[in-house]
Amino acid sequence: MKRTIAMTGTTGFIGPHVMERLLADGHELSCLVRPGKAYVPVPGVRYCTGTLDDPASLKPLLEGAQTVVHLAALTRARTEAEFQAVNCDSVERLIDMAKAVSPAFDHIVAMSSLAAVGPSCDCRGVCEDEPPRPLTPYGRSKAALEAMLRRRQGEVSWTALRAPAVYGPGDRDFLEYFKLVLKGWRFVVGKRNVMSLVYAKNLADAVALCVDAPAARNEAFFVADEGCYDWDDIGTMIERALGTKARRVRVPFWGVWLASLFSSALAPFCRKPPLLNKHKLAEMSQEFWVVSTDKAAKALGYVPRWATGEAFRITAEWYRENGWL
């Protein structure tokens with residue numbers, strides 16, 4: 001069914017993929033853009049300037065909206081309070097404003113994370129009914145987001161999508177590994193880590209299903225590609241995607257620990273919080289970050305359209321076509 005959708009995170013990595021899929025389904029979109037943020041307008045999309053920390057600026061975005069698709073999030077911060085303020089508290093204000101300006105508003109689809117639940121015990125993957133055990137401030141802020149959504153359930157329907165590591169065209173995190181492999185280096189850090197991945201367009205499909213399916217209301221879902229992978233598997237897929245061969249180098253975990261100490265020491269002098277810190281080390285020390293997508297498959301009919309190896313090939317082509325490699 002065609003719906004009027006207000007969307008945040010429009011200019012981020014995942015946003016354009018979700019926008020493309022929702023437009024293909026015939027939905028009407030109004031999309032939030034931060035003041036001064038450059039973007040390429042997409043025909044048929046209404047753009048509204050505003051910020052999540054200024055609720056009044058969100059009024060034009062939310063007028064007439066039936067569904068809010070909330071993708072914006074803070075993935076790096078200096079304090080836990082910063083994570084909480086952006087990833088949970090601002091979403092509650094977003095809901096309040098949507099309720100105030102749009103009588104038609106009845107559903108929010110919010111991007112959560114596997115980090116909200118924590119690592120799995122084995123390759124079978126963590127399920128939605130397992131209690132949350134987040135390891136990091138980011139994970140705790142996403143767990144708080146989900147708790148807030150449940151608390152507001154009598155006022156508005158919600159869906160939380162828990163994504164593992166996301167990759168695809170526009171992503172800058174996996175880009176760094178592509179660059180290393182292209183230079184002839186493939187690093188494997190510490191002991192074996194097994195993880196789920198999700199291609200951005202597979203994730204966009206899941207968002208679209210959550211907008212449309214009544215079974216998505218008031219539920220959380222894990223979404224991922226088929227299978228699970230360690231860094232050897234990922235390196236091999238990237239080699240094939242790039243048509244090159246890299247030298248495999250194993251890096252002991254203590255080497256990463258030292259790099260983390262150095263990174264943390266430099267943090268006060270850096271404009272952005274460092275990617276490598278004690279919280280990232282805590283995640284890297286876990287053997288399994290694997291999810292089960294059984295619930296999404298049964299309730300939503302979610303089946304990833306792109307296999308991981310093919311998705312890495314498409315991503316490599318996009319990087320090259322856009323001058324990122």
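User: Is Arg 140 buried, partly exposed or exposed?
Analyst: Arg 140 counts as partly exposed, at 32% relative accessibility. Buried means under 20% relative accessible area, exposed over 50%, and partly exposed in between (1.4 Å probe, protein chains only). This is a predicted model: local features need pLDDT of at least 70, side-chain atom pairs count only at pLDDT 80 or more, and totals for chains, interfaces and linings use all residues. Residues are numbered from 1 along each chain as its sequence is written, and side-chain values use heavy atoms, with hydrogens and water left out.

User: What does Glu 80 form with Arg 140?
Analyst: A salt bridge, with the closest N and O atoms 2.7 Å apart. The term means a side-chain nitrogen of Lys or Arg within 4 Å of a carboxyl oxygen of Asp or Glu.

User: Which helices do they lie in?
Analyst: Glu 80 lies in helix 3 (residues 80–101) and Arg 140 in helix 4 (residues 137–151), so the pair ties together parts 60 residues apart in sequence. Helices (H or I, at least four residues) and strands (E, at least two) are DSSP runs, numbered from the N terminus.

User: How many salt bridges does the structure hold?
Analyst: The structure holds 22.

User: Where do Glu 310 and Arg 313 lie?
Analyst: Both are in helix 11 (residues 308–321), three residues apart, about one turn of the helix. Glu 310 is partly exposed at 34%, and Arg 313 is partly exposed at 31%.

User: Which residues are linked in a network?
Analyst: Salt bridges link Glu 92, Asp 96, Arg 151, Arg 152 and Glu 155 in a network.
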